[in-house]
Amino acid sequence: MGMTRMLLEVKKLRGGYGPIQVLHGLDFVVQEGSVTALLGANGAGKTTTLRAVCGMIRVEGDVVLQGRRITGMATEDIARLGVAHVPDGRGTFMELTVEENFRLGAYTRRDAEVQADFERMWEWFPRLRQRWKQQAGTLSGGEQQMLAIARALLMRPKLLLLDEPSFGLAPLIVQEIFGIMRRIREESGVGILLVEQNANLALELADRAYLIETGHIVTSGPAAEIRQDEAIRRAYLGY
Amino acid sequence: MDGFAHQLIAGIATGGIYASVALALVMIYQATHHVNFAQGEMATLSTFIALTMIQAGLPYWVAFFATLVVSFVIGALVERILMRPVQNAPVLTHVGVFIGMLLIISNATGWIFGHTTKAFPTPFQSDGLLFGGLVSAHELGSTAVTLAVLILVYLFFAHTSLGLAMRAAAYNPRSARLVGIRVGWMLALGWGLAAAIGSVAGMMVAPAVFLDPNMMLGILLYAFAGALLGGIDNPSGAVIGGFMVGVLENLAGAYVVGTELKLTVALVIIIGVLVVRPSGLFGRVVFSRV
């Protein structure tokens with residue numbers, strides 16, 4: 001059995017908003033180049049977990065990226081270490097054009113391959129090329145989600161955090177975005193931590209899944225096993 | 001007719017000053033959603049620093065560029081030291097800090113450099129008026145300088161990656177952090193740039209109005225009127241608004257209300273805009289669903 005290297009290790013993660021604690025000691029890992037899904041109901045703490053990983057809220061415990069402890073670091077420093085977060089609400093720059101959003105994605109990069117990556121994004125997301133000079137705020141919901149993912153990938157991250165990429169989108173657009181994500185996963189080798197309400201969709205894409213309930217991890221395992229497990233599906237995933 | 005043309009050109013010249021200060025106000029407003037009432041006083045302090053350097057024997061343009069640098073540093077330090085600790089505080093805290101800064105800088109300037117009115121040199125010397133008496137060399141030169149500054153600022157924000165990062169940090173600080181932009185430093189940079197732009201306005205207006213610690217008080221009011229007229233969230237709108245206020249003020253002063261009531265024109269514009277079109281001529285109207 002080949003050793004897969006650990007990209008992200010999270011241990012005893014606690015945190016929340018002011019006096020309200022949301023995460024009550026989470027442990028999970030993301031392997032290099034794999035997709036890990038965090039599943040759970042509304043209010044379980046999925047979004048908060050992503051915020052905790054990228055330093056948007058104060059946390060206790062250990063968040064370790066490729067052997068380096070990043071707990072308590074500033075969001076911009078964590079981003080510069082290779083964590084790209086596509087937050088809920090997408091986090092695109094609505095007032096700026098698609099092109100400017102692309103340039104901001106590559107803001108911290110000094111290498112010569114930025115233009116090549118732009119072209120790769122155009123290939124993955126041809127709609128964005130058509131909207132190149134358009135203000136991001138005028139894009140459709142699906143296009144904005146694509147722009148948010150492209151912007152994050154342009155950072156050449158080691159770890160991509162995706163917060164509900166299907167949220168508020170028509171089923172066909174969701175299919176399209178998850179299709180592109182399968183390609184990204186095969187062609188880019190980036191590790192993905194995916195939060196998703198649509199468990200069926202997430203389990204199709206993921207290698208491994210964790211189920212969160214009120215800030216605790218209740219079960220975890222290979223995505224394929226969780227998909228097959230009727231008891232888990234009925235109790236936690238509701239389908 | 002020549003009289004009218006002269007008033008118009010003089011209005012454009014003062015309008016350039018208002019446009020610069022309006023741009024400084026808008027830059028800080030966009031990043032922080034507060035109007036820096038002390039912007040004028042900071043510019044006055046810069047102008048005194050320039051005068052000190054000139055009196056110490058430095059050539060005008062050396063003093064000019066040195067003042068830009070010093071003003072930039074002062075502006076950035078104000079953000080780091082004074083604004084940083086209150087960045088999440090309520091609006092009234094900011095108003096308090098701005099008014100405190102206004103009084104402290106104004107009085108410190110008077111204390112250090114004296115309260116008497118001083119002449120300030122212009123680099124654009126000439127005997128009499130140019131173009132058949134239409135415009136003075138200083139009016140022409142200062143308009144050219146302020147236009148050059150405005151164009152440089154525009155090019156910086158539109159075409160450099162640092163300018164883009166500053167805009168991103170102002171529009172959406174949360175997302176800016178997520179792409180690795182150091183938002184705190186972008187704010188300091190914005191304050192520094194605003195102070196440098198303000199210092200140009202101070203140095204360009206001082207030869208015409210003479211330098212004293214309260215020199216920029218009225219100018220800030222006109223600039224604020226210009227920023228509101230053009231739209232406080234729109235830099236190019238604020239610049240156009242600044243020029244419009246300059247021309248309006250001069251024409252109204254010459255033909256309508258007389259020089260004594262000129263400042264009232266600014267107040268009328270401010271109130272008129274707030275009542276009729278609160279987002280200004282070119283501002284964004286923000287709708288929110290309830």
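Colleague: Why does the radius of gyration of chain A agree with that of a compact globule?

Modeller: With 239 residues, a compact globule would have a radius of gyration near 18 Å, and chain A has 17 Å, which agrees. Please keep in mind that this is a predicted model. The C-alpha trace of chain A spans about 45 × 45 × 35 Å along its principal axes, and 45% of the 239 residues of chain A count as buried. Among the contacts in chain A with a separation of 6 or more, 68% are accounted for by residues 24 or more positions apart.

Colleague: What makes strand 6 and strand 10 of chain A edge strands?

Modeller: The sheet in question is an open one of 6 strands in chain A, with the order 6-7-8-3-9-10 and mixed pairing. Strand 6 (83-86) and strand 10 (216-222) each pair on one side only, and that places them at the edges. From one strand to the next, the twist averages 15 degrees.

Colleague: How do you know that strand 6 of chain A pairs with strand 7 of chain A?

Modeller: Pairing requires at least two bridges between the strands, and 4 bridges join strand 6 to strand 7 (residues 159-163) of chain A, so they pair, and they run parallel. As an example from these strands, Ala84(A) stands opposite Leu160(A) in strand 7 of chain A.

Colleague: And how do you know that strand 9 and strand 10 of chain A pair?

Modeller: Strand 9 (residues 208-213) and strand 10 of chain A are joined in the antiparallel sense over 6 bridges, and Glu213(A) stands opposite His216(A) in strand 10. The hairpin of these two strands of chain A has 2 residues between the strands, and there Thr214(A) takes a positive phi near 40 degrees.

Colleague: Why is one side of strand 2 and of strand 5 of chain A left without a neighbour in the sheet?

Modeller: That concerns the open sheet of 4 strands in chain A, with the order 2-1-4-5 and antiparallel pairing. Strand 2 (20-31) and strand 5 (68-69) stand at its edges and have a single partner strand each, so one side of each has no neighbour in the sheet. Elsewhere in this sheet, strand 1 (residues 6-17) and strand 4 (residues 59-65) of chain A pair in the antiparallel sense over 6 bridges, and Gly15(A) has Val59(A) in strand 4 as its bridge partner.

Colleague: Why is Asn107(B) called partly exposed?

Modeller: A residue counts as buried with 20 or more other C-beta atoms within 10 Å and as exposed with 12 or fewer. Asn107(B) has 13, so this residue falls in between and is partly exposed. The place of Asn107(B) is in helix 4 (residues 91-113) of chain B.

Colleague: Which residues have the most contacts inside the largest nonpolar core?

Modeller: They are Leu161(A), Val21(B), Ala22(B) and Leu23(B), in a core of 158 residues. Helix 8 (residues 183-209) of chain B gives the most to this core, with 17 residues. Leaving aside neighbours within four places in sequence, Ala22(B) is in contact with residues including Ala223(B), Gly226(B) and Val239(B).

Colleague: What makes up the side of chain B that touches chain A?

Modeller: Here 15 residues of chain B are in contact with 18 residues of chain A. Helix 6 (161-171) and helix 7 (173-178) of chain B are the elements that give two or more residues to that side of chain B, and helix 6 of chain B provides the largest share, 6 residues. The residues on that side of chain B divide into 7 nonpolar, 4 polar and 4 charged.

Conventions. Residues numbered from 1 in each chain as written. Chains lettered and ligands numbered in written order. Predicted model: local features only at pLDDT ≥ 70, side-chain atom pairs only at ≥ 80, totals over all residues. Axes fitted to C-alpha atoms, helices over the stretch in contact; angles between N-to-C directions. Rg over C-alpha atoms; globule rule 2.2 N^0.38 Å. Contact = placed C-beta atoms within 7 Å. Core = buried A, V, L, I, M, F, W, Y, C linked by C-beta atoms within 7 Å. Nonpolar A, V, L, I, M, F, W, Y, C, P; charged D, E, K, R; others polar.
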